[in-house]
Amino acid sequence: MFLILKILSLYLITIMIMRLMGKSTIIQMTPYDLVAIIIVGTVASEPLISTEYWPTLAALAILVGLHILFSYLTLNQIGNRFFLGEPTMLIKNGEILEDNLEKSHLSMTQLLSILRSKGYPKIADVDYAILEPIGEVSIIPKVANTPVTVEHLNISIQDEGLPIAVIVDGRIQTRNLQLLGQTKDWLLEQLRQNNLNEKEIMYAYVNEKSKKLNINRRR
């Protein structure tokens, strides 16, 4: 029983630590984020094979403190350069920079694979490709290959706002209705007008600005 409680507490504490570290820890995965995650996993698993419980919690607290400190240091230009590094240009004006590819430990095959996954199978379509500090490759296409937008075509489109879910898997999302400034009674009335009830709906959302209800029924 004690082992189960120990595993459960460490599991919950580790989740809390990851939340404290911030969402960017998982999304961006900077070098110090990766190191912190590896150490957190290693330290948190130690009590599972030994009896050192409280020293482990102290070590985790210190680690979280250091990670938060480093996060603040990256807001400074010098700290940002030290902990994250700088962007590296891989393609400039449609030309591959071989020296930068080599410094970044990227092969030509890897670069081509990245370009294809971004929707650019031909290097000739790319103006710039930049390896960001977080490991992501940003691609800026040549002007001739820039996607056409409604602004280019001088077309006016009504902005309906953010689609906010009001029913998910047959359950009414009360908090989201409050965000929209609407009530549960308003939603039920909309459903009645369509001869529906919430249990028949897999997903329904309301556009924030137009207040238009969109319904996806169960099949």
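Strand 3 (126–131) and strand 4 (residues 137–141) pair in the antiparallel sense over five bridges; pairing here takes at least two DSSP bridges between two strands. Strands are DSSP E runs of at least two residues and helices are H or I runs of at least four, numbered from the N terminus. This is a predicted model, where local features need pLDDT of at least 70 and side-chain atom pairs count only at pLDDT 80 or more, while totals for chains, interfaces and linings use all residues. Residues are numbered from 1 along each chain as its sequence is written, and side-chain values use heavy atoms, with hydrogens and water left out.

Back to the hairpin of strand 3 and strand 4: five residues sit between the strands, and G135 takes a positive phi near 95°. Y128 stands opposite I140 in strand 4, and Y128 is also the strand 3 bridge partner of K92.

Put together, the four strands make an open antiparallel sheet in the order 2-1-3-4. Strand 2 (95–96) and strand 4 are at the edges with a single partner strand each, so one side of each has no neighbour in the sheet. Helix 7 packs on this sheet and touches strands 1, 2, 3 and 4, its direction making about 75° with that of strand 1; contact means heavy atoms within 4.5 Å, and the angle, on a 0 to 180 degrees scale, is between N-to-C directions of lines fitted to C-alpha atoms, for helices over the stretch in contact.

What about the nonpolar cores? A core is a set of buried Ala, Val, Leu, Ile, Met, Phe, Trp, Tyr and Cys residues joined through side-chain atoms within 4.5 Å, with buried meaning under 20% relative accessible area (1.4 Å probe, protein chains only). The largest has 13 residues, and L90, I91, L115 and V126 have the most contacts inside it. Strand 3 gives the largest share of this core, three residues. Beyond four places in sequence, I91 touches residues including L111, L115, V126 and Y128.

Finally, D125 is in the loop between helix 7 (108–117) and strand 3. D125 is buried yet has no salt bridge, and the nearest side chain of opposite charge, K122, is 4.4 Å away; a salt bridge needs a Lys or Arg side-chain nitrogen within 4 Å of an Asp or Glu carboxyl oxygen.

Terms used
Buried < 20%, exposed > 50% of the residue type's maximum accessible area, 1.4 Å probe, protein only. Lys, Arg positive; Asp, Glu negative; His and termini not counted.
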